[in-house]
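Hello,

Here is the structure I said I would pass on. My notes on it follow below.

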Amino acid sequence: MIVERDKKAFDYKYFWSYRERAFGRLMGRLKRHFDLIIEPRLHELGFTDFKLSYMGFLANLTPEGITNNELAKRACVTKQAMSKVVSLLESEGYIHMEKNHNDSRSSVIYLSDRGKALLQAVFESVEDIQQQFIGVVGEDRWEQMIDTMVVLVNHIDQEGDHQ
């Protein structure tokens with residue numbers, strides 16, 4: 001429970017009571033735990049050149065392929081930043097590109113076999129972490145948390161707040 005505070009003066013008691021349940025801190029701690037498990041596991045499986053920061057790009061690829069511009073839009077980054085990451089992922093063999101049949105000025109990006117193997121390894125690793133967390137909080141609480149997060153992300157997406 002958060003302690004009421006005087007809005008004019010900094011209050012350590014309030015700060016520490018708030019800190020325990022601070023959304024940003026909690027999300028950050030969970031992300032750090034996730035990263036500390038997933039990335040080393042992927043490296044053990046042979047994906048030594050992969051960084052989890054690339055995941056947002058790979059996760060937005062579609063089976064039918066996607067252009068750099070659309071991928072940048074989905075990943076909420078600039079086209080220039082996306083081009084840089086696409087080039088890196090292609091050189092590392094996670095994706096491949098083909099000329100766009102509808103627009104010869106662009107290419108279509110596809111997940112390569114290595115990229116598919118990586119995503120399978122990520123999926124299995126995430127499943128392990130989820131099972132660990134379900135063991136702590138139970139299936140019902142886990143599903144309720146995921147449902148709540150889905151509602152919040154859908155709201156953000158509908159509002160167009162991608163930055």
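Asparagine 68 sits in helix α4, which covers residues 68–75. This and everything below was computed on a predicted model. Asparagine 68 counts as buried because its relative accessibility is 16%, and the cut-off for buried is under 20%. Leaving aside residues up to four places away in sequence, asparagine 68 touches Lys79, Met82, Ser83, Val86, Ser107 and Ile109.

Next, the surface. Phe23, Met27, Leu30, Met145 and Met149 make a nonpolar patch of about 450 Å². Two helices, α2 (23–44) and α7 (139–159), each supply at least two residues of this patch. The largest share, three residues, comes from α2.

Leucine 30, one of the patch residues, belongs to helix α2.

Two packed helices are described by the angle between their axes and the distance between the axes. On the α6 side the contact is made by Gln130, Phe133, Ile134 and Val137; on the α7 side, by Glu139, Arg141 and Trp142. Sorted by class, the contact has four nonpolar residues, two charged and one polar.

Regards

Methods. Residues are numbered from 1 along each chain as its sequence is written. This is a predicted model: local features need pLDDT of at least 70, side-chain atom pairs count only at pLDDT 80 or more; totals for chains, interfaces and linings use all residues. Side-chain values use heavy atoms; hydrogens and water are left out. Patches are made of residues with over 30% relative accessible area and no salt bridge: like charges are joined within 9 Å, nonpolar side chains (Val, Leu, Ile, Met, Phe, Trp, Tyr) within 5 Å. Accessible areas come from the Shrake-Rupley method with a 1.4 Å probe; for residues, only the protein chains shown count as cover. A salt bridge is a side-chain nitrogen of Lys or Arg within 4 Å of a carboxyl oxygen of Asp or Glu. Helices (H or I, at least four residues) and strands (E, at least two) are DSSP runs, numbered from the N terminus. Contact means heavy atoms within 4.5 Å. Ala, Val, Leu, Ile, Met, Phe, Trp, Tyr, Cys and Pro count as nonpolar, Asp, Glu, Lys and Arg as charged, and the others, Gly among them, as polar. Buried means under 20% relative accessible area, exposed over 50%, partly exposed in between (1.4 Å probe, protein chains only).
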